[in-house]
Amino acid sequence: MVKLLHAADLHLDSPFASLGEEKARLRRQESRELPQRLVAYANDHGAQLLLLSGDLFDGQETYSQTVEMLAHALGQFRGQVVIAPGNHDPYHSRSPYSAVLWPSNVHIFRENRLEKLELPQYGCTVWGAAFTDASCGELPMEPHFAAGDTVQILVLHGDVDAPHSPYRPIRTSVLAESGLDYAALGHIHQCSGVQYAGKTAYAYPGCPEGRGFDELDDKGFLFGEVDKGMVRLQFVPFARRRYRKISVDVTDRDPLTAAKEVLQGCEQDICRIYLTGTGTADEAAIERQLVPLAWQLEVYSRLREAEDLWLHCGEDSLRGLFLADLRAKYEQADEQERVTIEQAVRFGLAAMDNRDM
């Protein structure tokens, strides 16, 4: 059995262009510190392998300080580091991987073909390959290539069950026949959890830090144990700052108060608040007052003007019949029941208009 940390898609030196200059600079520095944080966690929790499945760098134009900080951090890991470069950071003579002398405990797959790394001290064999260009075809894998008595692990950047992908398509049917115990994959930025192709477990850990509003909420890595026929890995949230989109219905409420409530616990996060429902609000003024509650904040209004709920009641239409039925119940209801009926009317009208509440 081997204990491992599996991470991917760090995208170091991402520009964070959607942030202002100062906050973008801070985010880039925080991302450079991410490998040191990962190594500290791995050491503190007794990991033997640190598997990094590609796109450690965002591109070829990488600061030398970033590469040096990564190499220094990985050199402090007490076990073996294995890297499989991806489509954003392919291995070649001018890539960031060629810019420094890597510590002796770091193994980087350098070729676009399957290679084997024997690690008898951990009772495992690690297979892998590198992107050597920005796109890459399917990697040939013979059936049962990883059959053996040791724990068999694959570290690879690629696209599962996407046969036309330019980013190394990986067929689950091939994984199922491989003899692997675990395939540690990279490329997809959302954690997949542990999946199975036959007896082969595989997973994407997602990215450890979101970089925009297309990478929302908790981000992190997978940590745990792999043995012959057994994979026990858990997702560990690890992002220093989360990107969050939050919708809040401010119908019959003070928009500022409602927004404050949903921002509790978001002091370190990058948030977009969407005001929904009916009413009016000065989103710019609300944003100014909410700024201290998040690291970065944007407020948008999706409010509609208040409408007469019963305007079409009694009309000879589906809408009119729907309203007439609920209006009859409304007239007989107490105050608490009337609130529920009004909400039902709003939902019903929104559904008829094919719109959100």
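The charged end of Arg338 sits over the ring of Tyr330, 4.5 Å from the ring centre. For that wording, NZ of Lys or CZ of Arg has to be within 6 Å of the ring centre and within 35 degrees of the ring normal. There is another case: Arg302 lies over the face of Tyr274, at 3.9 Å from the ring centre.

Before I go on, some housekeeping. This is a predicted model, in which local features need pLDDT of at least 70 and side-chain atom pairs count only at pLDDT 80 or more, while totals for chains, interfaces and linings use all residues. Residues are numbered from 1 along each chain as its sequence is written, and side-chain values use heavy atoms, with hydrogens and water left out.

Now the overall picture. Along the principal axes, the C-alpha atoms fill a box of roughly 80 × 45 × 35 Å.

How much of the chain counts as buried? The figure is 50% of the 357 residues. Buried means under 20% relative accessible area, exposed means over 50%, and partly exposed is in between, with a 1.4 Å probe and protein chains only. As for contacts (heavy atoms within 4.5 Å), residues 24 or more positions apart account for 68% of those with a separation of 6 or more.

Next, the aromatic rings. A pair of aromatic rings is described by the distance of the centres and the angle of the planes. Here, rings of Phe, Tyr and Trp (its six-membered ring) pair if their centres lie within 6.5 Å; planes under 30 degrees apart count as stacked, over 60 as edge-to-face, and the rest as tilted. The structure holds 10 such pairs. In one of them, Tyr41 and Phe221 have ring centres 5.1 Å apart and planes at 70°, so this pair is edge-to-face. Tyr41 is in helix H1 (residues 21-44) and Phe221 is in strand E13 (residues 220-227), so the pair ties together parts that are 180 residues apart in sequence. Tyr41 counts as buried at 18% relative accessibility, and Phe221 is buried at 0%. Another pair is Tyr97 and Trp102, with centres 6.1 Å apart and planes at 40°, so this one is tilted. Tyr97 is buried, at 1%, and Trp102 is buried too, at 11%.

On to the strands. Two strands pair if DSSP finds at least two bridges between them. Strand E2 (residues 49-52) and E3 pair in the parallel sense over four bridges, and Leu51 stands opposite Val82 in E3. Which residues cover the two sides of E3 (residues 80-83)? Gln80 and Val82 are on one side, Val81 and Ile83 are on the other, and all are buried.

Strands E5 (residues 115-119) and E6 (residues 124-128) pair in the antiparallel sense, over five bridges. Leu117 has Val126 in E6 as its bridge partner. The two strands form a hairpin with four residues between them, and Gly123 in the turn has a positive phi of about 65°.

Pro140 is in the loop between E6 and strand E7 (151-157), and at 69% relative accessibility it counts as exposed. Its C-alpha atom is separated by 7.7 Å from that of Arg113, 27 residues apart along the chain.

His187 is in the loop between strand E10 (182-186) and strand E11 (195-197). His187 has a positive phi of about 130° although it is not a glycine. Is His187 buried or exposed? It is buried, with a relative accessible area of 15%.

Asp252 also has a positive phi, near 60°, in a residue other than glycine. Asp252 lies in the loop between strand E15 (243-249) and helix H4 (255-262), and is exposed, with a relative accessible area of 70%.
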